[in-house]
Amino acid sequence: MSSSPLSKKRRVSGSETKTGSHCSTSNSVRTELSHTPSNGMAKNGNDAEIDEGLYSRQLYVLGHDAMKRMQNSNVLISGLRGLGVEIAKNVILGGVKSVTLHDQGVAEWKDLSSQFYLREEDLGKNRADVSQPRLAELNSYVPVTSYTGTLTNEYLTRFQVVVLTNSSLDEQTRIGDFCHSNGIKLIVADTRGLFGQLFCDFGEEMVVFDTNGEQPLSAMISMITKDAAGVVTCLDEARHGFESGDHVTFTEVQGMTELNGCEPVEIKTLGPYTFSICDTSSFTDYVRGGIVTQVKMPKKIAFKSLRSSMAEPEFLLTDFAKFDRPGQLHVGFQALHAFEKKHSRLPKPWNQADADDLVALTEEVNATLTGSAKQEQIDQAVIKKLSCVAAGDLAPVNAFIGGLAAQEVMKACTGKFMPIMQWLYFDALECLVESEEVTEEDCAPRNCRYDGQIAVFGSKLQEMLAKQRYFLVGAGAIGCELLKNFAMMGLASGEGEVIVTDMDTIEKSNLNRQFLFRPWDVTKMKSETAAAAVKQMNPSVRITGHQNRVGPDTEKVYDDDFFESLDGVANALDNVDARMYMDRRCVYYRKPLLESGTLGTKGNVQVVIPFITESYSSSQDPPEKSIPICTLKNFPNAIEHTLQWARDEFEGLFKQPAENALQYLTDPKFMERTLKLPGAQPLEVLESVYKSLVTDYPQRWEDCVTWARNHWQCQYNNNIRQLLHNFPPDQLTSSGAPFWSGPKRCPHPLEFSTNNDLHMDYVMAAANLYAQSYGLPSCTDRSALTKHLQGIKVPEFTPKSGVKIHVSDQELQSANASVDDSRLEELKTVLPSSESASKFKLSAIDFEKDDDANFHMDFIVAASNLRAENYDIPPADRHKSKLIAGKIIPAIATTTAAVVGLVCLELLKIVQGHTKLESFKNGFMNLALPFFAFSEPIAAPKHKYYEIDWTLWDRFEVKGIQPNGEEMTLRQFLDYFKNEHKLEITMLSQGVSMLYSFFMPAAKLKERLDLPMTEIVTKVSKKKLGKHIKALVFELCCNDETEEDVEVPYVRYTIR
């Protein structure tokens, strides 16, 4: 079970960076459909294929089986206010069979604070009718209809899943009883201001096929004993990771073959490398080898009906710091329903009489309760807060509860992941003003689109929100959700502005969760399209779209003036480097940063507040494990190894050689640089250039086929035979153990055949890619290919003696490569001259996983699966290969919506100017488990020199220009620190340039001491200072007066 915070390597989502912008087409062919919508998507149905081009990232979360089950589910969503539309959006994007929107109410002002598909001109119209066409656009595979009648029992039988939002307790109970006894799965979701409630009843016989969504674990075996409970010991390369109660099966066991392919057996873990299984005493003796693999077993769960679960509730805790809150809110929500029944309205915002009334009603409800629902004492403060904000309707709370509720719909349809058992309560009371209470007058409705938010926070916050200037980095999944919430909340709806930047274009696979985009937007810029879409939701929001990558290259655009004008930054990025860069900028300019990411059903939120919290970069993940080179080259034992090998092949055949050859032809300094490379590299690079331009230069398509066929022979036959010549199958190690055992799998060579589809796929893809890199036309005619292949004479190969094959990476590193100097000299003379560059047509190919017509994935799948066949590793289909080789981040709309809801709650705290560390919340969630954890952010770590405390947010401010208009020299700078701060500078640097050190040669020091600081910087870095640079950052190493080394903050040296 993974409940640790998401590792930063994988803190992902937001805009996925791609090289190309071509829209990938679906692999699936649908001949059975007579009519396909104009956007190229087709309708759902039991026999419909899954459109992998659209659903690819979600498929990596749910899998094909769950997606197929989802495509058979009709879902009813009742109540189309802010929460209902959020659930509907996520469910429609997910791809169920159909969605029916039910509402009997009309659009009112208070709905507009979170219902993003209602506009001011829709006031007075039925909410379901108005939302239907806008929701239907999200996914043309899902028919969306609206219904405005009453929910009769007969009507409910049309659905597999029913979701109630904005419904009375009486209706919830009536429908709950009917659904429970008729096998219809029920979800009740409700939000009241800063409070949220979720209930699930999936019947008495719900089957969950996969409780956590993690990949099944597997491990290599080193020993199995014969016992009443046989003990299995795994190789001590890595812990097995199994838990007691898991089920496993076995393959490739030698000796005790009874275990191979056995029915799943339950295990009991004994230690990190051992576990016990069934009675093995009558089995054959274990000899060696074997792989043990976890098997996911279906689990049956029984749910109670709403009525019986009210009295004996089971709670899923969202915040361990609020341990007793769910029980209180369980009674409080029932009292709210009683209040509404009594007064035909909700309690008025911040009205004390209504708050007292709700407390009294809560006491009454509690008195009638029996069983575990009864509270010993009612927490009056919490119930009063519930009364004060119940009339509110907040986009962030709806996004959070709506994301969770939609994930529960998917669980109900698919049996994938563990459902919420059965009640979840949530509150974000930390968002309220830290000091004074809000007044009733300030929260009264104004007949404006923010009434639902004003009811909770008052109109003052609304004015502050309108003036905010925010920088949003990324307009992918997280970026789209953030923009939608910003628009609903009224961020930058006055004098403020949201600047959103993303250099990516929209691709088909984005449409599954980046919900501001439509099929006709494919190939347009993300930032501009998202900005335009959000302006339709709230025309008064000021948004500007940029297409810049953030980084040192764009500091002319995002300069001091730009950052100093901001109120804060929100990251919606998909890589750690860009996150770290933005984090450094925010620390330097002392701006709040909202950081978040998702990975499948996991999500995290981190808030960075100047002078209060640590920054994003303060904590780092351990580096990801890389695959040892020797494993890749000679000893693969998993499909991940062969896929990485295939990726390296792609780079080494179609990208690097062309890049080197082009540089050789066009860059006069290339030769000089290459000859300076260490070891055998100069020879390797020049040999590759010689091959690319001379020996392997193809003139026509047939030459490319010949090259591909010979390369196939080399990789899948010759090299394997050479390996087996060096290490025969029966080879023993120095200790007498078999060489080919444990993680080393003994390979066998393949024999080429034109009748083998995989062999033909490889040659077809390799020949086409090779032709492409030389500007030759491609060809997909398989019969012509077969014909040409039959005429190729493949050179005979005999394994040689004296060929060194490294067994470990240590051995590889210590080996000294001998360089053949005479060959190097010869190459210099035989390479074509750079004057002849114009006659060579070469281009390097960048790997692009999402275009199914470019042969890239065709090559990877064939190359990897052929190597897997060499080593008897089970092959991977195209879908799985794409995930691993393309390093795709699994993603689903539900997690993104929920995470961004939490981000926007933190935004509300920042805008109000919260200063207490405990007011803020970092969050982690895994919707599959389901698991939630909130914690206050870690305070910025304190350091000290003399008696002065400082943190990462502090610095020395030094004005470079003195009162006389002259700039400080290095000598004056050093003296300034000695006199002002009693610090002796021992080393001084700017970026990667060393400006001063105590061990600097005297002549150099003398030359520098009387130069102005900026002159030294330009001299050492060999770069001019741009006009946009107002200040420089200097890093110091210092000694105090006792000559002790002390850690000190950096220097901000102002020059303009």
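This is a predicted model: local features need pLDDT of at least 70, side-chain atom pairs count only at pLDDT 80 or more; totals for chains, interfaces and linings use all residues.

Visitor: What makes Cys630 an "active site" here?

Guide: The label comes from UniProt, where an unreviewed entry places the feature "active site" at Cys630. UniProt positions are given in the numbering used here, feature names are shortened, and annotations may be inferred rather than shown by experiment.

Visitor: Why is Cys630 called buried?

Guide: Buried means under 20% relative accessible area, exposed over 50%, and partly exposed in between, with a 1.4 Å probe and protein chains only. Cys630 has a relative accessible area of 5%, and is therefore buried. Cys630 is found in helix H18, residues 629-633; helices (H or I, at least four residues) and strands (E, at least two) are DSSP runs, numbered from the N terminus.

Visitor: Which residues does Cys630 touch, not counting those up to four places away in sequence?

Guide: They are Phe635, His806, Val807, Ser808, Asp809 and Leu812. Contact means heavy atoms within 4.5 Å.

Visitor: How do you know that the buried residues of H4 lie on the same side of the helix?

Guide: In H4 (residues 127-136), the buried residues are Arg127, Ala128, Val130, Ser131, Arg134 and Leu135. They cover an arc of only 160° around the axis, so they are on the same side of H4. The arc is that of the directions from the helix axis to the C-beta atoms. An α-helix has 3.6 residues a turn, so residues three or four places apart point the same way.

Visitor: What do the buried residues of H4 pack against?

Guide: Their partners are helix H3 (82-94), strand E2 (98-102) and strand E3 (144-147). At the start of H4, a side-chain oxygen of Asn126 comes within 2.7 Å of the backbone nitrogen of Ala128.

Visitor: What makes E20 and E25 edge strands?

Guide: Two strands pair if DSSP finds at least two bridges between them. Eight strands form an open sheet of mixed pairing, in the order E20-E19-E18-E21-E22-E23-E24-E25. Strand E20 (543-546) and strand E25 (931-935) each pair on one side only, and these are the edge strands.

Visitor: How do you know that E23 and E24 pair?

Guide: Strand E23 (residues 602-608) and strand E24 (residues 922-926) share four bridges in the antiparallel sense, and at least two are required, so they pair. Lys602 has Asn926 in E24 as its bridge partner.

Visitor: In which sense do E18 and E19 pair?

Guide: E18 and E19 pair in the parallel sense over five bridges, with Arg469 opposite Glu497 in E19. Strand E18 (residues 469-473) is mostly covered, as four of its five residues are buried.

Visitor: Which strands pair with E31?

Guide: Strand E31 (residues 1031-1039) pairs with strand E29 (residues 984-990) in the antiparallel sense over five bridges. The pairing of E31 with strand E33 (residues 1050-1054) is antiparallel over four bridges, and Val1033 stands opposite Arg1052 in E33. E31 and E32 form a hairpin with five residues between them, and Glu1043 in the turn has a positive phi of about 70°.

Note on methods. Residues are numbered from 1 along each chain as its sequence is written. Side-chain values use heavy atoms; hydrogens and water are left out. A polar contact is a pair of N or O atoms within 3.5 Å; within protein, one must be able to donate a hydrogen and the other to accept it, and residues adjacent in sequence count only if both atoms are side-chain atoms.
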